[in-house]
Amino acid sequence: MFSNEEYNDRIRKTKQKMESEGIEVLLITNPANMNYLTGYDGWAFYVHQLLIVALELDEPIWAGRQMDANGAKMTTWLKPENIISYTDEYVQSAERHPMDFVCSILKDKRLLGKSIAAELDTYYFSSLCYERLQKGMPDVHFKNGTGLVNHIRMIKSDTEIEYMKRAARLVENAMRTGVDSLAPGVRECDVAADIYHAQISGTEEFGGDYPAIVPLMPSGKKTSSPHLTWTDERYKPDDTVILELAGCYKRYHSPLARTIILGQPSLHVRELADVVLEGLNETLAIIRPGITCEMVEEKWRKTIAKHGYQKDSRIGYSVGLNYPPDWGEHTASLRQGDKTILQPNMTFHIIPGIWFEDYGVEFSETFRVTETGCEILANFPRDLICKTEDVPSIPFINHLNDGDGAGI
């Protein structure tokens with residue numbers, strides 16, 4: 001996927017960050033971080049696996065299930081001797097645990113006396129993992145290495161940006177497919193199936209990966225809650241539907257959200273959509289290197305406040321490489337108090353939806369911070385989409401730019 005030179009640079013930056021934080025050994029269980037540093041890619045994160053990065057070792061060590069070792073050999077740049085696997089007697093066993101095996105590796109590599117950190121707050125590192133590591137290394141006081149590699153990932157290389165742009169092409173197709181499939185009487189699950197086909201079949205030039213989040217597609221009163229998926233119910237005339245989707249290419253994501261009306265919008269939905277769109281457009285227009293995440297959110301907050309609206313939750317987050325259950329990078333958020341300074345080639349999903357008790361409206365874009373502004377990655381109409389019998393579909397509107405503005 002990437003050159004050895006790029007992987008070596010990522011390892012170098014990781015070790016520099018480790019050294020600055022007094023960490024000699026870092027245990028990485030986040031599959032996105034494992035992929036970022038080695039290229040490892042496989043649906044094996046339902047069992048315990050990790051990457052050992054040590055200052056004194058030239059290469060990381062991959063430790064995982066024996067049947068997944070060949071996958072590590074095929075997808076990583078690591079030497080075979082640095083791919084170490086455990087047998088199935090460790091898999092979901094009450095007597096032994098994969099972290100017991102990890103302790104034995106650290107002992108063999110003479111790393112037990114080092115300053116060791118683990119990603120303590122990830123989906124893939126359980127309390128039992130921590131307990132077994134502590135039992136196997138009772139003299140070690142574990143540091144918290146959560147987010148160390150994540151923050152390095154925030155500034156993308158040119159190749160990573162290209163992957164996200166391909167993901168944007170995929171989400172354009174998926175969103176268009178979803179919008180075209182929506183109609184009164186159609187089952188929600190059938191629209192979801194059409195979206196999945198578009199996400200994965202991709203274009204003639206390249207196909208798509210499975211996104212880290214399934215299609216989010218609440219309808220009717222369910223639009224008051226943004227993270228609902230689909231049922232086998234049928235859409236009704238004048239339903240409001242929210243589609244939040246992503247294209248995914250080589251694990252890099254470009255999310256996109258739109259609100260669709262299967263008929264004519266009610267007055268309150270139209271008004272809310274106008275406010276959200278005004279806020280989104282004005283917020284995108286100020287984005288540039290040097291401003292902070294909280295300054296981005298402040299522009300949104302002040303814009304919608306003019307119309308009497310407020311939103312307490314964040315309006316976006318850094319995005320890129322990831323695995324289920326989330327496409328966000330778990331670093332910077334567009335919210336009050338986040339003083340992260342925007343830099344070129346940072347990428348964000350800005351998603352300023354507003355949800356009330358029985359309805360909601362949501363629009364989003366994925367953008368790249370450029371040298372002078374921001375670039376919107378997807379090319380899809382940014383407006384409330386009203387599907388009627390005489391207007392069954394919608395044309396593309398060019399929201400892309402040359403990187404010197406918000407692309408609105």
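1. How many bridges join strand E14 to E15, and in which sense do they run? Strand E14 (residues 365-369) is joined to E15 by 3 bridges, and the two run antiparallel; helices (H or I, at least four residues) and strands (E, at least two) are DSSP runs numbered from the N terminus. Opposite Arg-368 stands Glu-375 in E15.

2. On the basis of this note: the model is predicted, so that local features need pLDDT of at least 70 and side-chain atom pairs count only at pLDDT 80 or more, while totals for chains, interfaces and linings use all residues. Residues are numbered from 1 along each chain as its sequence is written, and side-chain values use heavy atoms, with hydrogens and water left out.

3. E14 and E15 belong to an open sheet of 5 strands in the order E10-E9-E11-E14-E15, with antiparallel pairing, where two strands pair if DSSP finds at least two bridges between them. Strand E10 (328-333) and strand E15 (374-376) are the edge strands, each pairing on one side only. With direction ignored, neighbouring strands of this sheet are turned on average by 35° against each other.

4. Helix H9 (residues 267-286) lies across strand E11 (347-350), E14 and E15, and runs at about 165° to E11. Axes here are lines fitted to C-alpha atoms, for helices over the stretch in contact, and angles run from 0 to 180 degrees between N-to-C directions.

5. An open sheet of 3 strands has mixed pairing and the order E7-E8-E16, with strand E7 (240-249) and strand E16 (385-386) at its edges, each pairing on one side only. Between E7 and strand E8 (residues 252-261) the pairing is antiparallel over 10 bridges, and Ala-246 has Pro-255 in E8 as its bridge partner.

6. Helix H1 (residues 4-20) packs against helix H2 (residues 31-38) at an angle of about 120°, their axes being 7 Å apart. H1 and H2 are therefore oblique to each other (angles under 35 degrees count as roughly parallel, over 145 as roughly antiparallel, 65 to 115 as roughly perpendicular and the rest as oblique). Tyr-7, Arg-10, Ile-11 and Thr-14 in H1 meet Asn-35, Tyr-36, Leu-37 and Thr-38 in H2, contact meaning heavy atoms within 4.5 Å.

7. Glu-6, also placed in helix H1, is buried, with a relative accessible area of 16% (buried means under 20%, exposed over 50%, partly exposed in between, with a 1.4 Å probe and protein chains only). Not counting residues up to four places away in sequence, Glu-6 touches Ser-157, Thr-159 and Glu-160.
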